[in-house]
Amino acid sequence: MSPPPRRPPMTRLIPEVFRDPTIRVSMLAVFAFGFAGAATAPYQSVVGIRELGLSNGLYSALIFCAAAVNVVVSILLGNLADRLGEYRRMMLPVAVFGILGYGAVYAVPSQVTFILSALCLLPVYGSLNSLLFANVRATTKGMERNVVASVNSGVRAMISLSWILVPGITGALLASSKTMLPAYLFASLACAVCLGLIGLFLPRRTPADTAPPRHLSYLAALGEVVSPPVFLRVLAVALITSTLHVNDAILPLIVTGAAHGTVADIGVLVGIVALLEVIFIIVWGRAQRMMNHVTALAIGTIIYIVYLLLLGHASAPWHLYALTLISGVGAAALISIPITYLQDLIAERPGLGSALISVNIFLSAGLSALIFAIGTGTSSYSGTAIVGAVAGFAGLAMLLFFERARRRR
C-alpha cells in the first residue's frame, strides 16, 4: 500500500481547521467587513462635521445612538438567526444594508442622508460582524476549546489586517481629493464583495445543525443578555477592553505633548502596533491551547496595564517606540480572547452569544469616555493613562471574582 502524498511545506503551515470552507470564506468576509469600516471610520467625523456641516453635539449624539441601535439589532438578529438555525440567510440582507448605507452617503451627500444612514442602515450592517462569528462558532461546535480559540483568533486577525492596509491606501488615493466622500464608495464596494462571498461561496447549513434546544422570544433574549450571571461578566470584560479605547484617545495627545513627538510619529506608531497585533493574535490563539481563556485574558490584561503605566511616564519619542512591542502583545490579547469568552457565556446559542461582542464594544466605548473624562478632569493626558491602567486592573479583579464565585457553585 503506497503512503499518502506529502503536503507541500506551505500547506502544512496552515492548520487543518482553516481549510474548512465555512471558516475560510468567513475570514474573507470578515476582511471585507473590516475594509468598509477601515475605509470610512478615520474620515467619518471629517465628512459629517466639516463637509456636511453637522454640529459637534449632533455628531456625538448620532454616534452614540447608532452604537446603541447596533447593540439592540445585533441581539435581535442573533436571536432570530438562532431560532432559524441558519445564519447565512440573515447575513445576506444585512450586507445589503451596508451597500445602501455607505452608497447613499456617497451618492446623495447631505445631512439627512448621513443621519439616516448612520442611525438606520449602518447599525444593521454592523450586526454582520456578530453573525459571521456566530456562523463560525456553529461550525466549530463540538471541536476542542483550544481549536475554537485558534479559529476565533484567526478570524479576528482579518479585521486587524484590514486596518493595517486600508486606511493608508484610502488616504493615499484621496490625498489630492477635495472631499473624503469617495471613501464611502470604497466601503460600499467592500460590502458588495462581502455579499458576493456570503451568497456565492459560504456553504449552507441546515437548521438541524445549529438549532438551539428551545426558542426565546425577543424580550427573553434581551433578558438573558442583561441577566446578572451574564451581564456582570460582560461588564468586567468591557472595563478591561475600555483600556484600548482610552489608549486610542490619549496616545496621539501624549505623542505630540509629553513625549515631544510629531504627527508623523502617530501614524508610524499605530501602524507598528497594528502589525504586531496581527502577529500576536495568532500567538495568543496558540497560547490558549495551554491555558484557559480567563488565564490568558488575565495575563494579556496585566501586560496592557504595564504598558499604560509606562505610557503615562513617557517623555521622549523613543520611549513610545520601545513600548510598541508591549502594546502589541497586550492589545492582541484584549482584542481576540474576549470573543471566545463572551461566546461561551451563552454557548448554546451562537447568535445570541456572539451578539455579546457588540454589547462589549458599546459598553467599553462608554466606559472609556467616562475614564477619559475623569482622567483629564483630575490630571494630565499622561495621568489619564495611569487612570486607564487602574480601570483595567479593576475590570480584571471583577472578572476573577465572578469566575471564582461561579466555580464555587
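The paragraphs below go through the nonpolar cores, selected helices and residues, the salt bridges and the cysteines of this predicted model.

The largest nonpolar core has 60 residues. Trp284, Leu311, Leu320, Leu356 and Val359 are the members with the most contacts inside this core. At least two residues come from each of the helices α4 (56-84), α11 (218-226), α12 (228-255), α13 (263-287), α14 (293-311), α16, α17 (350-378) and α18. Among these helices, α12 gives the most, with 13 residues. Apart from this core lies another, of 55 residues, which includes Phe18, Phe133, Val136 and Cys194.

The side chain of threonine 324 reaches the backbone oxygen of tyrosine 321 at 2.7 Å. Beyond its neighbours within four places in sequence, threonine 324 is in contact with Leu269, Ile272, Val273 and Leu276.

Helix α2 takes up residues 21-40. From its first C-alpha to its last, this helix of 20 residues reaches 29 Å, close to the 28 Å expected at 1.5 Å a residue. Of the 20 residues of α2, 14 are buried, so the helix is largely enclosed by the rest of the structure. At the start of α2, a side-chain oxygen of aspartate 20 comes to within 2.8 Å of the backbone nitrogen of threonine 22.

Valine 25 also has its place in α2. With 8% relative accessibility, valine 25 counts as buried. Leaving aside neighbours within four places in sequence, the contacts of valine 25 are with Leu197, Phe201 and Leu202. Threonine 256 is 231 residues from valine 25 along the chain, and the C-alpha atoms of the two are separated by 41 Å.

The next topic is charge pairing. Side chains of opposite charge can pair when their charged atoms come close. How many salt bridges does a search of the whole structure find? The search finds 4.

One of them joins aspartate 344 and arginine 137, whose side chains meet at 2.3 Å, N to O. Aspartate 344 counts as partly exposed, at 30% relative accessibility, whereas arginine 137, at 12%, counts as buried.

Another salt bridge links glutamate 403 with arginine 406, the closest N and O atoms being 2.8 Å apart. Both residues are in helix α18 (residues 381-408), and because they are 3 residues apart they are separated by about one helical turn. An α-helix has 3.6 residues a turn, so residues three or four places apart point the same way. Glutamate 403 counts as buried at 3% relative accessibility, while arginine 406 is partly exposed at 41%. Salt bridges that share partners join Arg233, Glu403 and Arg406 into one network.

Glutamate 86 and arginine 89 also form a salt bridge through their side chains, at 4.0 Å, N to O. Glutamate 86 is buried, with a relative accessible area of 7%, and arginine 89 is partly exposed, with 47%.

The cysteines come last. A disulfide is a covalent bond between the sulfur atoms of two cysteines. The structure holds 0 disulfides. For cysteine 120, the nearest cysteine sulfur is that of cysteine 65, 11 Å away. Cysteine 120 is partly exposed, with a relative accessible area of 42%.

Notes
Residues numbered from 1 in each chain as written. Predicted model: local features only at pLDDT ≥ 70, side-chain atom pairs only at ≥ 80, totals over all residues. Heavy atoms only, no water. Buried < 20%, exposed > 50% of the residue type's maximum accessible area, 1.4 Å probe, protein only. Helix = DSSP H or I, 4+ residues; strand = E, 2+ residues; numbered from the N terminus. Core = buried A, V, L, I, M, F, W, Y, C linked by side-chain atoms within 4.5 Å. Expected span 1.5 Å × (residues − 1). Polar contact = N/O pair within 3.5 Å; in protein donor to acceptor, adjacent residues only side chain to side chain. Disulfide = S-S within 2.5 Å. Contact = heavy atoms within 4.5 Å.
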